[in-house]
Amino acid sequence: MKTLTLAWTYLWSRPLAAALNLLLLSLGLASITFLLLVSHQLDKAFERDLQGIDLVVGAKGSPMQLILSGVFHIDVPPGNVPLKAVLELQKHPLVAQVIPLSLGDSFQSFRIVGSSHDYITHYRAQLAQGLLWTQPMQVVLGAIAARKLGVAVGQTFVGSHGLAAGGQAHGQNFYTVVGILAPSGSVLDRLILTDSASVWKVHEAHGKAEEEGEEHLLEQREVTLALLRYKTPLAAMSFPRYINSQTGMQAAAPALEITRLLSMLGLGTDVLRAFAGVLLLTAGLSVFIALWSAVRERRGDLALLRMLGAPPIKLAALLLLEALWLGLLAAALGLLAGQGMATALGWLLRLDNSLLVGGMVWPPTLCLVPAMALGVSMLAALLPALGAYRVSVLELLQGR
Amino acid sequence: MICTQGLSYHYAGGATLRFPDVAVAQGATLLLSGPSGCGKSTWLALMAGLVRPTSGRLVVAGQVLNDLDSVATDAWRASVIGFLPQTLHLSAALSVRQNLALAQWASGLAEDQSAIDTALAALGVAELASRKPAQLSGGQAQRVALARAVLRKPKVILADEPSASLDDEAAADAVALLLATARSQSATLVIATHDARVAAALKADAAASADLQCLQLLRCLP
C-alpha cells in the first residue's frame with residue numbers, strides 16, 4: 001500500500017470534515033486567484049493602452065478625468081480645446097507626434113472617436129475587413145464594437161449626441177461603415193473610429209462653412225484632447241509645465257495618473273486581500289483542528305503502526321500527506337473557482353464596454369495559489385504531524 | 001528465544017520496575033501474569049524494543065536489543081515481533097485486506113497480496129477479506145488481528161490480554177488459536193494476562209504445558 005493512497009483513504013474516512021475543509025480552503029484560494037487575475041489584467045490593460053503615450057493634453061480640469069476619457073474611454077472628457085492650439089504643439093521641438101481626438105458622440109453607447117489614421121497605427125491595429133476612411137462620415141469599427149452592434153461593411157447609421165445611449169440623434173448625418181478592425185486587445189476594440197472632420201461636420205451648422213470661409217472656420221474648430229509622444233524622455237521634465245502655465249490647456253501624464261489611480265484602488269484590493277487572508281487563515285485553523293482530532297482519534301491506530309514497525313517519521317509523513325492532498329485539491333478547485341469568478345466579472349463588465357477583465361487567463365503569478373495552498377495545509381499539519389511522531393506505544397499497551 | 005538478565009526500567013519521576021530473569025527457548029510459551037499495574041505492559045514494550053531498559057541485558061530472537069539504535073529497532077520489530085494488542089485497533093477506514101496491507105506498509109515492505117491471502121486463510125477468515133472491521137464479530141476481528149500479527153512470520157508473538165471480554169469458551173478458543181498459530185510458525189509465544197482461565201487453558205494443552213514457562217510479576221510499591 002502506498003503512503004499516498006493510504007493518506008487519501010484516511011482523508012476521506014471522514015468525508016464531512018474533509019469536504020468542509022476543502023470548501024474553506026478553496027474559497028480562500030479562489031478569492032486570491034480572483035484578485036491576482038484582476039490586478040494582472042488591469043495592469044496589462046493599462047500598460048497596453050498607455051503604450052507610447054507620454055502626455056495627454058486637453059481642457060483644464062481633472063487630470064485623472066483627462067486620462068480616463070482620452071486614453072481608456074471610460075469617463076467623459078473635461079471639455080474642448082482649440083484645434084489651432086493643438087496644431088501648434090506639433091511644431092514644438094520636444095514633440096514627436098500629436099494625435100488629436102474628438103469625442104462627444106456615440107452609437108448605441110459605443111463611442112465615436114474622431115481622429116487621424118495615426119491613432120490606428122499607434123495601437124498597431126490591423127484591418128479585418130474593408131478599408132480605412134478616406135473622407136469624412138466614413139467609419140472603421142473596432143472588433144468588439146462591430147460584433148456587438150452587428151454592423152457590416154457598407155451599412156450606415158446615425159450617431160447620437162452624448163457618450164451614453166439615448167442622446168439626441170444627429171438627424172440627417174449618416175455614417176458609412178468602410179472597415180472593421182481585427183481584435184487588437186487594445187481600447188480600439190470597443191470604439192467607432194472616424195476622421196476628425198466627421199465630428200466637425202456633424203456639429204457645425206449646415207451651410208456655415210460657405211458663409212464664413214475656411215480660414216475663419218479653422219480658427220473656431222475644436223478637438224477634445226490630444227495624445228502626445230515626446231522626442232526625448234527629458235521632455236517630461238519641462239513640457240507638462242510649459243503646457244499648464246503657457247497655454248490655456250492642461251497636460252496630464254498617464255504614468256503619474258495611473259499610479260495615483262492604482263493607489264486609490266489599492267485600498268479596495270487591500271481590503272479584499274485581507275478578506276482572502278482571513279479566509280485562508282480560518283481554513284488553515286480548520287484543517288489544523290481536523291487533523292489534530294484525527295490524530296487523537298487514531299492514536300491507538302498510530303501506536304499500532306509503530307508496533308508493526310513503522311518509524312515515527314513515517315507516521316508524521318502520513319499526516320503531512322493527508323494535508324498535502326487537501327492542499328492540492330483545494331488549489332485545483334480554488335484556481336477553477338477564481339477563474340470562474342473573473343469570467344463572471346468580465347461578462348458583467350463587458351455589458352457596458354468598460355475595462356477588459358476575463359477568466360481563463362494564466363499569468364505566472366498564479367503559481368502563488370498552489371504555493372499558498374501547500375504552505376497553509378503543511379503549516380496546519382505541522383503540529384498534528386509532530387503529535388503523530390511522538391505517539392506513545394506504551395499507552396497502547398496500557399490500554400489507555 | 002527470549003533471554004533477560006537483571007532487567008529494570010525506571011519511569012521518569014516514578015517507580016523503578018525490576019523484572020525476574022527469564023530464558024525462553026525458541027518455540028516455547030511464556031505466560032506473563034500478575035495483577036494490573038505490575039509492569040506487564042512495560043515488560044512487553046521492552047521485549048518489542050519500544051522502550052530501552054534502564055539496566056540489564058535483553059536478547060530476543062538472537063538479537064541483543066541493547067545494541068540496536070532506534071531506526072534499526074523499528075525494522076527489527078517489524079520482522080521479528082508479531083503483536084496482538086488487547087484493543088485490536090483494526091483501522092475502521094480500511095477493509096480487512098487493507099488492514100493487513102497496512103502492516104506491510106508500516107514495515108516498509110511492498111504490498112504482497114498472496115502473503116495476505118495466506119495469512120487470512122491460515123486463520124480461517126479468507127472470506128472476510130473485503131469487509132470493514134465494523135462488520136466483523138469479536139472473534140472474527142481477533143482472528144484478523146492475529147493474521148495481521150503473523151503476516152511476516154515473526155519469531156516472537158506477543159499477545160496482550162487475549163481473553164479479555166471473552167466468555168469462557170471463546171477464551172479457551174483464543175488460547176488454542178494462539179498456540180496453534182505459534183506452533184505452525186515455530187514462534188515463541190508470550191501471553192500477558194491476569195486471567196486465570198488462560199493459565200488453565202495453557203496447562204490443559206499437553207504440548208504447550210511441556211515447555212510452558214511462567215513469569216509471575218508482583219505488584220511493586222513506588
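In the predicted model, helix 2 of chain A and helix 14 of chain A are roughly antiparallel to each other, because their packing angle of about 150 degrees lies over the limit of 145 degrees set for that class. The axes of helix 2 (residues 15–50) and helix 14 (residues 368–389) of chain A are 10 Å apart, and the crossing of helix 2 of chain A past helix 14 of chain A is right-handed. To this contact helix 2 of chain A contributes Leu25(A), Leu29(A), Ile32(A), Thr33(A) and Leu36(A), while Leu368(A), Val369(A), Met372(A), Ala373(A) and Val376(A) come from helix 14 of chain A. Nine of the residues in the contact of these two helices are nonpolar and one is polar, with no charged residue present. In an α-helix, residues three or four places apart point the same way, because there are 3.6 residues a turn.

Helix 2 of chain A comprises 36 residues and spans 51 Å between its first and last C-alpha, close to the 52 Å expected at 1.5 Å a residue. Gly52(A), which follows helix 2 of chain A, has a positive phi, near 75 degrees.

Between the two chains, 20 residues of chain A are in contact with 29 residues of chain B. On the side of chain A that touches chain B, at least two residues each are supplied by helix 1 (3–11), helix 12 (299–307) and helix 15 (393–397) of chain A. Helix 12 of chain A gives the most to this side, with five residues. By class, the residues of chain A on the side that touches chain B comprise 13 nonpolar, six polar and one charged.

Notes:
Residues are numbered from 1 along each chain as its sequence is written. Chains are lettered from A and ligands numbered from 1 in the order in which they are written. This is a predicted model: local features need pLDDT of at least 70, side-chain atom pairs count only at pLDDT 80 or more; totals for chains, interfaces and linings use all residues. Axes are lines fitted to C-alpha atoms, for helices over the stretch in contact, and angles run from 0 to 180 degrees between N-to-C directions. Helices (H or I, at least four residues) and strands (E, at least two) are DSSP runs, numbered from the N terminus. Angles under 35 degrees count as roughly parallel, over 145 as roughly antiparallel, 65 to 115 as roughly perpendicular and the rest as oblique. A crossing is left-handed if the near helix is turned anticlockwise from the far one by less than a right angle, and right-handed if clockwise. Two residues are in contact if their C-beta atoms, placed from the backbone, lie within 7 Å. Ala, Val, Leu, Ile, Met, Phe, Trp, Tyr, Cys and Pro count as nonpolar, Asp, Glu, Lys and Arg as charged, and the others, Gly among them, as polar. The expected span of a helix is 1.5 Å times one less than its number of residues.
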